Amino acid sequence: MTQYTVAVLGATGLVGQKILEILEERNFPVKMLKPLASGKSAGKTISFQGHSYPVQEATPESFEGVDLVLASAGASVSEKLVPEAVKRGAVVVDNTSFFRLNDSVPLVVAGVNDEDLSWHQGIIANPNCSTAQLMPVFKKLHELGGLKRVIVSTYQSASGAGKKGMEELCDSTKAMVSSNFQDPGENKVFQRPLSFNLVPQIDKFLDDGYTKEEFKVIAETRKILHLPDLKITATAVRVPVLVGHSEAVTIDFDRPVSPEQAIAALKTVPEVVVSETPEAFPTPRDAEGIDPVLVGRIRRDTSNPETGLNLWIVADNLRIGAALNAVKIAEQLDKQGLIQSKSKFAEHV
Ligand SMILES: NC(=O)c1ccc[n+]([C@@H]2O[C@H](COP(=O)([O-])OP(=O)(O)OC[C@H]3O[C@@H](n4cnc5c(N)ncnc54)[C@H](OP(=O)(O)O)[C@@H]3O)[C@@H](O)[C@H]2O)c1
């Protein structure tokens with residue numbers, strides 16, 4: 001079995017920490033680990049597979065001798081450092097948004113479009129967390145009835161905004177409780193105080209009134225499913241939940257699909273667990289810390305009973321939406337012999 005020198009860029013962040021946990025959990029063949037973060041984390045140590053590794057400040061030179069990089073340090077860091085890693089012969093699985101819609105970079109959800117890994121040129125992008133959890137469900141339902149039009153409403157947890165997002169929700173909740181629900185404290189990460197509230201803005205606003213997060217769900221879904229003309233719209237909302245994104249989805253199909261047919265089809269998808277009765281609906285708490293995407297409340301859209309269904313889709317945003325998908329992609333790359341590229345892609349960068 002080939003063993004790899006693996007750099008985790010963003011190793012001290014929420015996603016980076018999960019990547020380390022999942023690499024260990026799934027016994028990924030790591031020969032040597034390089035945990036990388038910002039200068040302020042240099043000197044911290046990370047324990048992995050019984051060894052202690054020092055966290056280093058990420059620089060272009062950090063990637064010398066690295067085979068595989070799992071990157072989650074933000075888009076601007078990936079913009080700068082991912083090409084440096086590829087130049088030095090590493091293959092990069094990038095969790096940030098920076099390369100996702102680049103035509104020369106495959107955007108992959110493991111188990112959904114693994115075939116796209118074959119044309120990578122050193123970089124593979126991981127989708128946005130709210131897109132990733134929809135993909136195994138959408139792929140199967142498209143095979144069943146043909147997706148004609150999709151409406152997505154998201155209920156996204158604070159951890160989707162990183163460790164500072166989680167901290168702000170906790171601090172704001174404490175401030176509210178200690179002030180008899182008068183003072184939510186300061187909000188820096190979210191556009192409004194998130195405790196006891198909802199915020200219908202994730203990422204910045206675009207000229208058409210959508211947010212960038214909503215645009216990501218739309219554009220990334222089309223790219224992953226190879227459905228460039230799919231009619232899909234989204235509203236993305238931040239909710240006061242720590243971990244786990246939930247999404248209410250309405251689908252109009254090309255052909256009639258009953259709830260029973262959808263349930264039977266989704267039960268065949270290894271990444272999905274379906275609740276068959278309305279009362280057995282999944283919540284973000286059910287999804288936290290587990291691998292599958294949980295689907296419930298599958299019912300006819302009574303405004304479109306022949307070809308319309310409503311669904312409720314929940315998953316751990318840090319796992320399926322980021323770290324688990326990144327590690328599964330790395331496993332696929334290993335299996336298909338696509339990591340041993342040393343310098344093959346350097347000329348493209
Ligand atoms: N959270 C999610 O659900 C999720 C899902 C999918 C994708 N993503 C993407 O993954 C990325 C990270 O998310 P996160 O939630 O893990 O954020 P996070 O908790 O804020 O962690 C950010 C990580 O990036 C490191 N970092 C920051 N600036 C850096 C720099 N200049 N050079 C090197 N490292 C730097 C941080 O190191 P320090 O600790 O030293 O500051 C930390 O390790 C983002 O691009 C995000 O969009 C997140």
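Trainee: Which residue in β5 is the bridge partner of Leu36?
Mentor: The bridge partner of Leu36 in β5 is Gln56. This is a predicted model, where local features need pLDDT of at least 70 and side-chain atom pairs count only at pLDDT 80 or more, while totals for chains, interfaces and linings use all residues. Residues are numbered from 1 along each chain as its sequence is written.
Trainee: How many bridges link β2 and β5?
Mentor: Two bridges, in the parallel sense, pair β2 with β5 (residues 56-57). Strands pair if DSSP finds at least two bridges between them; strands are DSSP E runs of at least two residues, helices are H or I runs of at least four, and both are numbered from the N terminus.
Trainee: And which way do β1 and β2 run, parallel or antiparallel?
Mentor: Parallel: β1 (residues 4-9) is joined to β2 (residues 30-37) by six bridges. Tyr4, for one, has Val30 in β2 as its bridge partner.
Trainee: New topic, helices. Where do α1 and α9 meet?
Mentor: Val15, Lys18, Ile19, Ile22 and Leu23 in α1 meet Arg319, Ala322, Ala323, Leu324, Ala326 and Val327 in α9, contact meaning that C-beta atoms, placed from the backbone, lie within 7 Å.

Note on methods. Contact = placed C-beta atoms within 7 Å.
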